[in-house]
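Please keep the sequence and the structure in view while reading.

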Amino acid sequence: MTTQEAQSKHARQFGLPVAISLVMGNIIGGGIFLLPASVAPFGTISLVAFAVLTAGAITLALVFGRLAERHPQTGGPYVYARAAFGDFAGFLAAWSYWITTWVSNAALAVAAVGYLDVLIPVHESKAATITAALVLQWLPALANLAGTRYVGAVQLVATVLKFAPLLLVAVGGLFFFDPANLGPFQTGGQSGLGAISASAAILLFSYLGVESAAVSAGEVRDPRRNVGRATILGTLGAAVIYLLGTLSVFGTVPHDRLVASTAPFTDAVNSMFGGSWGGVAVALAALVSMVGALNGWTLLSAQTPYAAAKDGLFPQVFGKKRRGVPTVGVLVTAVLASLLTVYNYTAGSKGVFEILVLVTTFTATVPYLLSTAAQIYFLASGQSERVSRSRLARDAVLAVLAFGFSMWLVAGSGYEAVYQGVLFLFAGVLVYAWMAARKQHGQAPPSASTASSEPSASTESREARESRESREARESRESREAREARV
């Protein structure tokens, strides 16, 4: 078997079902299992905030779908920002997205250990806890290193397994729904708009991951058609699970009990069917959900640096693929996430880790802002190859709404996250300066001394042309004089 045949055996482009699973799996990690209890103190008005956020996320998904039709390359937001605003904007999108992925992977692994502890007690030993967190990170990394064929298989299986119990609560809970459990529509003394904004601040980042198919467009079959469809369908699927799941929990668990709950889906299952087996079921579902999210985010963590490396804006080692996967990007991401995880457990400074995780809520929105701004630029500049005249007005409205939604995401991340996130972005400026200098050096024109001693091709061409024209004019004049002499 040749090397190319071995590569193709393990590298396979994603079809539409796997692309949808990638979007849904990355949007829905483990947060859904705590969201109902997190927003319950605001009352059922939080469902209004959820509906608003869902509309914003779908708008953003539609914009990504339109961008992917014109730019169906791996890299997603990086590709769009660079096409519109140049290398520096593209680098900022790639850099901020890369930070988001590996810090988020560390956070997912730490949270997953909490659910694993329900099934297998590991928190009694720090060494066992660290080992479990590292295993949960490296299993998805190994699946990625095995090739895109296995990434897709893991993602599809994980999505099916985690949505089965979620749908059980989301749909089954409606049959046990008791309006008396909902509690007040609004609690506290704040206004309705204030309550919506406060609950939205918690829910804002529930939809991070809508860009997943766009980032991996190069690995999606027929990307011009399937990336947009996967983005929209995956976001809609996640929205249905979110809204129905939260509503069902609100209607099956009494409000006063839900406010104090640390496992709302467990309480919902126990209320629906009795007994205490719900805790194990929900813990297993959450664990599968997080492993699936880790699998998808690990792939994304390597795709954006890969695209930037191909353009000379990231170290070239990130631009090499094996079995359809940028292996160095996967390895570097896994190592960085592992180091951060170990630091979290050994340094005893949870505040530092929490700040880093909070920073990702800001860095994740930077590519969104740049992407939506790129779409607005394409529309406003009248670039016919990137826009559809028949859909100009609709696309313009969607782009403006998506930009506003992205700004809301930035505002909701809080002052500290924005402050820390900007520092992370500025640290990337140094990396950009180094990479841009190397890129420029590789494309440097001849020096002045070389140019003066060796005429350029254009100069030589002009001199040759002038010499030929002079010779032809002289020959023509001599020929005319000869004719006149004969006469």
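The protein chain has 21 helices and zero strands. The model is a predicted one. Of the 487 residues in the protein chain, 51% count as buried. Among contacts in the protein chain with a separation of 6 or more, 83% are between residues 24 or more positions apart.

- Helix α6 covers residues 87-119, which is 33 residues.
- From the first C-alpha of α6 to the last, the helix reaches 48 Å, close to the 48 Å expected at 1.5 Å a residue.
- Of the 33 residues of α6, 25 are buried, so α6 is largely enclosed by the rest of the structure.
- Helix α5 (residues 77-85) packs with α6 at an angle of about 160°, and their axes are 7 Å apart.
- Because angles over 145 degrees count as roughly antiparallel, α5 is roughly antiparallel to α6.
- The crossing of α5 with α6 is right-handed.
- On the α5 side the contact is made by P77, Y78, A81, R82 and F85; on the α6 side it is made by D87, A89, G90, F91, A93 and A94.
- Sorted by class, the contact of α5 with α6 has eight nonpolar, one polar and two charged residues.

**Helix α2 against helix α11**

- Helix α2 spans residues 16-27 and helix α11 spans residues 223-252.
- The axes of α2 and α11 come within 8 Å and cross at roughly 45°.
- That angle makes α2 oblique to α11.
- The crossing of α2 and α11 is right-handed.
- From α2, the residues in the contact are L16, A19, I20, V23, M24 and I27.
- From α11, they are N226, R229, A230, T231, L233, G234, T235, G237, A238 and Y242.
- By class, the contact of α2 with α11 has ten nonpolar, five polar and one charged residues.

**Helix α7 against helix α15**

- Helix α7 (residues 126-146) and helix α15 (residues 327-346) pack at about 170°, with their axes 10 Å apart.
- With that angle, α7 is roughly antiparallel to α15.
- The α7 residues that meet α15 are K126, T129, I130, A133, L134, Q137, W138, A141, N144 and L145.
- Their partners in α15 are T327, V330, L331, A334, V335, A337, S338, T341, V342, Y345 and T346.
- The contact of α7 with α15 has 13 nonpolar, seven polar and one charged residues by class.

- F250 lies in helix α11, and with a relative accessible area of 3% F250 is buried.
- Not counting residues up to four places away in sequence, F250 touches P36, V39, A40, G43, T44, S46, L47, N181, L182 and L258.
- F250 and P179 are 71 residues apart in sequence, and their C-alpha atoms are 8.7 Å apart in space.
- L425 lies in helix α19, residues 415-442.
- L425 counts as buried because its relative accessibility is 12%, and the cut-off for buried is under 20%.
- With residues up to four places away in sequence left out, L425 touches L92, W95, S96, F362 and V366.
- One of these, V366, is 59 residues from L425 in sequence and 9.5 Å away in space, C-alpha to C-alpha.

- F175 lies in the loop between α8 (148-172) and α9 (192-203).
- The relative accessible area of F175 is 72%, so F175 is exposed.
- F175 and M272 are 97 residues apart along the chain, and 8.9 Å separates their C-alpha atoms.
- L193 lies in helix α9.
- L193 is exposed, with a relative accessible area of 65%.
- The C-alpha atoms of L193 and A49 are separated by 9.4 Å, and the two residues are 144 residues apart along the chain.

How values were computed:
Residues are numbered from 1 along each chain as its sequence is written. This is a predicted model: local features need pLDDT of at least 70, side-chain atom pairs count only at pLDDT 80 or more; totals for chains, interfaces and linings use all residues. Side-chain values use heavy atoms; hydrogens and water are left out. Axes are lines fitted to C-alpha atoms, for helices over the stretch in contact, and angles run from 0 to 180 degrees between N-to-C directions. Helices (H or I, at least four residues) and strands (E, at least two) are DSSP runs, numbered from the N terminus. Angles under 35 degrees count as roughly parallel, over 145 as roughly antiparallel, 65 to 115 as roughly perpendicular and the rest as oblique. A crossing is left-handed if the near helix is turned anticlockwise from the far one by less than a right angle, and right-handed if clockwise. Contact means heavy atoms within 4.5 Å. Ala, Val, Leu, Ile, Met, Phe, Trp, Tyr, Cys and Pro count as nonpolar, Asp, Glu, Lys and Arg as charged, and the others, Gly among them, as polar. The expected span of a helix is 1.5 Å times one less than its number of residues. Buried means under 20% relative accessible area, exposed over 50%, partly exposed in between (1.4 Å probe, protein chains only).
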